[in-house]
Amino acid sequence: MSLITEKKNLHPLSNLLLPFKAVKVFKEAFSLQQETIKQFYSLSKQISGNECKTTTPSGMLTLERNILSTLFLGITASLVKTKKNMPLYAMTNQCMRAWVTACDNILDDEEKEIFEFSNINSGKKIESVLTLMIAERVLTTFIGKRYQDIELNATVAQISLQSLLSSALQEGEEEKELYEILSPEKILSDIHQRKTADLFSAPLALPIHLESPNQDTINNAKGALENFAIGCQIIDDIKDAQIDCQMQRHNLLISMLFYDKEPKDIENLRNENTENWVVWQRFPETFNDAGKLALSCFEKSFTHMKSLDIVFSNEHKSSIIKLVCKLLKIPSFI
């Protein structure tokens, strides 16, 4: 039995989800997220019509499928003074999620579904293009029906686009061939900051613009999401180390290996079949070091959450980190 299989059996998913069910702000956030998803797919059906029918993928209403959206909405609720605009922030976030997923599908040849298209028999790329188009119209329709405010529609369009540009442009840089492996410090401060931290804090841009919370609250909300983001990205880098090495993409673990070993070793790795090595078995020390960095980021995130009056027990903190490891399919490092 492999290490990752053993870890899966040790931490049932239902137990690891408990922190988001036990803490009030996230319990309420998940309830709002479920309602938002129902509205999102209802509007998509109205908009897409008979020529391009959309249906809701199975399991879309589960907490497992909505961990990050629940996190974003919980932090947003702790940022704003009243809850009157929370439905707007939830729908904007859901549409941004659709845009990001569709773009990832196009750029990385992935097939993560936002919509199931019941009468389209062509390739996956057109489905991603249609997802972008439909989600854009869902948001404008939602604002038009609920708020009947043309100026608000324009503001949401502007802020939601601007908030995603940093991450999008960084992704675009990786379409070019990489000529050097950046240092671990540069990966964390530049690449992962723009690629993932800015993406995770993007849902805060609209409530900050509309409600002008105090700067300390903004800093703690951003700190909570950005540090959580970097922790997740480090775990994702562990998962993708083999393929990122072969494709010459930015990856923290490969950077750690490169600056700890002879460069020629990385060239040898690039020429190996990715199925021939698993990073936590081949490089357990580097895996543990990367895990410690991720753990430090999560601890910083929890500290910022505490400043927002979101308090997790030590057991809940461990469960959240184990949950991220499980969802990203790597062995837990705690």
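Which residues make the nonpolar surface patch of about 270 Å²?

A: The model is a predicted one, and in it the nonpolar surface patch of about 270 Å² is made by Ile-106, Ile-126, Val-129 and Met-133. The most is given by helix α7, residues 124-146, which supplies three residues to the nonpolar patch, while Ile-106 has its place in helix α6, residues 86-108. Ile-106 counts as partly exposed because its relative accessibility is 30%.

Taken along the principal axes, the C-alpha atoms fill a box of roughly 60 × 50 × 35 Å. Buried residues make up 50% of the 334 residues, and the protein exposes about 16400 Å², of which carbon and sulfur atoms supply 50%. Among contacts between residues at least 6 apart in sequence, 77% join residues at least 24 apart.

A search of the whole structure finds 13 aromatic pairs. One of them is formed by Phe-228 and Phe-298, an edge-to-face pair with 5.1 Å from centre to centre and 75° between the planes. This pair links distant parts of the chain, since Phe-228 is in helix α11 (residues 215-239) and Phe-298 in helix α16 (residues 284-307), 70 residues apart. Both Phe-228 and Phe-298 are buried. Another pair is that of Phe-258 and Tyr-259, whose ring centres lie 5.3 Å apart with the planes at 70°, so that this pair is edge-to-face. Here Phe-258 counts as partly exposed, because its relative accessibility is 22%, and Tyr-259 also counts as partly exposed, at 47% relative accessibility. Ring pairs also link Phe-20, Phe-26, Phe-302 and Phe-312 into a cluster.

Side chains of opposite charge can pair when their charged atoms come close. A search of the whole structure finds ten salt bridges, among them one in which the side chains of Asp-244 and Arg-249 meet at 3.5 Å, N to O. Asp-244 is buried, with a relative accessible area of 7%, whereas Arg-249 counts as partly exposed at 32% relative accessibility.

A salt bridge also joins the side chains of Glu-267 and Arg-270, at 2.9 Å, N to O. Because Glu-267 and Arg-270 are three residues apart in helix α14 (residues 263-271), they are separated by about one helical turn.

Arg-282 lies in helix α15 (residues 279-282) and Glu-272 in the loop between α14 and α15, so the pair ties together parts that are ten residues apart in sequence. Arg-282 is partly exposed, with a relative accessible area of 37%, and Glu-272 counts as partly exposed at 23% relative accessibility. Elsewhere, salt bridges that share partners join Lys-24, Glu-28 and Lys-83 into one network.

Val-311 is found in the loop between α16 and α17 (314-327), and Val-311 is exposed because its relative accessible area is 54%, the cut-off for exposed being over 50%. Leaving aside its neighbours within four places in sequence, Val-311 is in contact with Val-23 and Lys-306. The C-alpha atoms of Val-311 and Ile-191, which are 120 residues apart along the chain, are separated by 30 Å.

To return to the part you asked about, the patch is made by Ile-106, Ile-126, Val-129 and Met-133, with helix α7 giving the most to it and Ile-106 placed in helix α6.

How values were computed:
Residues numbered from 1 in each chain as written. Predicted model: local features only at pLDDT ≥ 70, side-chain atom pairs only at ≥ 80, totals over all residues. Heavy atoms only, no water. Patch = residues over 30% accessible without salt bridge, like charges linked within 9 Å, V, L, I, M, F, W, Y side chains within 5 Å. Areas by Shrake-Rupley, 256 points an atom, 1.4 Å probe, with all protein chains shown as cover. Salt bridge = Lys/Arg side-chain N within 4 Å of Asp/Glu carboxyl O. Helix = DSSP H or I, 4+ residues; strand = E, 2+ residues; numbered from the N terminus. Buried < 20%, exposed > 50% of the residue type's maximum accessible area, 1.4 Å probe, protein only. Phe/Tyr/Trp six-rings, centres within 6.5 Å; stacked < 30°, edge-to-face > 60°. Contact = heavy atoms within 4.5 Å.
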